[in-house]
Amino acid sequence: MTNPLHVPAQGFDTLAIHAGQEPDSLTGAVVPPIYQVSTYQQDGVGGLRGGYEYSRSANPTRTALEECVAALEGGRRGLAFASGLAAEDCLLRAVCKPGDHVVIPGDAYGGTFRLFAKVFERWGLTWTAVALDDLDAVRAAIRPGSTRVIWCETPTNPLLAVADIAGLAALAREAGALLAVDNTFASPYLQQPVALGADVVIHSTTKYMGGHSDVIGGALVAADAALGDELAFHQNAMGAVSGPFDAWLVLRGIRTLGVRMDRHCANATRVADMLTRHPAVAQVFYPGLPDHPGHEVAAKQMRGFGGMVSFRVRGGEQAALDVCERTRLFILGESLGGVESLIEHPGRMTHASVAGSALEVPTDLIRLSVGIESVDDLLADLGQALDL
Ligand SMILES: Cc1ncc(COP(=O)(O)O)c(C=O)c1O
């Protein structure tokens, strides 16, 4: 199952197209087939062909995706799950035990926060939410001896705050904790947390990795083999694996990740620039803007600033809701990272689960997932929605 193409000397786009995806040994098919199968003939009891026994444990289409994601993130082991949250759940149950403590971001995807606050809290995991762009605050939040994980999202969902991954990795090492980085917003094309010292990377592959809004999936990449084995044991023991067709769709999306991300970044830069100059807009959040508080760190650790832009409108919540309903090209909907542009109101939609918590988001906030359409059409659409 080792891939001769999986060598760090190759460029990102080469790995995206070839890692884990050598032509099929039986037919020469240039794309990994969808192995829609649950079990495998054994050559005598325990005589497994290529290590395949039962598709919860391993499936060749999933293996192709897992090898590719590991190569793109520069980690030792990749694992593909049924969703991003399934990946998060597996990671936490694999590395934490009741009584442990985790440091979580003061701004994060609402579903991630809900997992900590409504599921793992009952299980006995305690947490402290802290702004991760303040390393002193993170240091103060660490409980020596019981903090097991520093959980980082950068850029964050939905406020696009930027955390210094190398700085957090140093704090985690000092504390004997693991640094887990949710790299969903950046994708490995823009940011590689393992190279900056992270122990494990998390993805909702539903987003940029899949890239076409047609699949739900998640992934974990472990920086070292021992953690990879531990996660793989739990993945099999808990069972929330990616099905073969879903794994195939994510892998198909990944092959164009680099070119898509370049266009997402270029379009988002134009959109952020237009919004900063619009009189109906009160504040724009985009790490590519020179006055963004995390701009310098983002410029240091990211190849580009991503396709997500958030902004606050003048006129409060009703004005924000009105704008969300007036766009024609930007589709009103949750999720992000697909080729089409989306608009949403985090307070009422993706982040409704953080209402009343330390992670509450402003009610006049709008989040855009800027797609790869012709940028002039996107600017015109936002213009007409804001100008009314
Ligand atoms: C940053 C981030 N992490 C994780 C998730 C969860 O992923 P999924 O919806 O695939 O379970 C999301 C979903 O929106 C997300 O935005």
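**Entry 1: a cut-off to start with**

I call a residue buried when its relative accessible area is under 20%. I keep that beside me while I go through this predicted model.

**Entry 2: the loop between β4 and α6**

I began with the loop that runs between β4 (147–153) and α6 (165–175), where Pro155 sits. I looked at the peptide bond between Thr154 and Pro155 and found it cis, with omega at about -10°.

Next I turned to Leu160, which belongs to the loop between β4 and α6. Its phi is positive, about 60°, although Leu160 is not a glycine. Is Leu160 buried or exposed? I looked up its relative accessibility and got 2%, so Leu160 counts as buried.

**Entry 3: Ser187**

I then went looking at Ser187, which lies in helix α7, residues 187–190. Phi of Ser187 is near 75°, a positive value in a residue other than glycine. The relative accessible area of Ser187 is 0%, so I put this serine down as buried.

**Entry 4: cavities**

How many cavities of 30 Å³ or more does the structure hold? I found 2.

I took the largest cavity to begin with and noted a volume of about 40 Å³. Which residues line the largest cavity? My list reads Gly210, His212, Asp214, Leu249, Arg252 and Gly253. Sorted by class, the lining of the largest cavity gives me 1 nonpolar, 3 polar and 2 charged residues.

The second largest cavity has a volume of about 30 Å³. Around the second largest cavity I wrote down Ile104, Pro105, Ala108, Thr112, Phe113, Phe116 and Leu359. Two or more lining residues of the second largest cavity come from each of β2 (101–105) and α4 (110–123). By class, the second largest cavity is lined by 6 nonpolar residues and 1 polar residue, with no charged ones.

- Thr154 and Pro155, for their cis bond.
- Leu160, for its positive phi.
- Ser187, for a positive phi near 75°.
- Asp214 and Arg252, both among the residues that line the largest cavity.
- Phe113 and Phe116, both in the lining of the second largest cavity.

Key:
Residues are numbered from 1 along each chain as its sequence is written. This is a predicted model: local features need pLDDT of at least 70, side-chain atom pairs count only at pLDDT 80 or more; totals for chains, interfaces and linings use all residues. Side-chain values use heavy atoms; hydrogens and water are left out. Helices (H or I, at least four residues) and strands (E, at least two) are DSSP runs, numbered from the N terminus. Buried means under 20% relative accessible area, exposed over 50%, partly exposed in between (1.4 Å probe, protein chains only). On a 1 Å grid over the protein atoms alone, a cavity is a set of points where a 1.4 Å probe fits but cannot get out, and a pocket is an open set with protein on both sides within 12 Å along at least five of seven lines; lining residues have an atom within 4 Å of a point. Grid points are joined across faces, edges and corners, and a volume is the space filled by probe spheres set on the points. Ala, Val, Leu, Ile, Met, Phe, Trp, Tyr, Cys and Pro count as nonpolar, Asp, Glu, Lys and Arg as charged, and the others, Gly among them, as polar.
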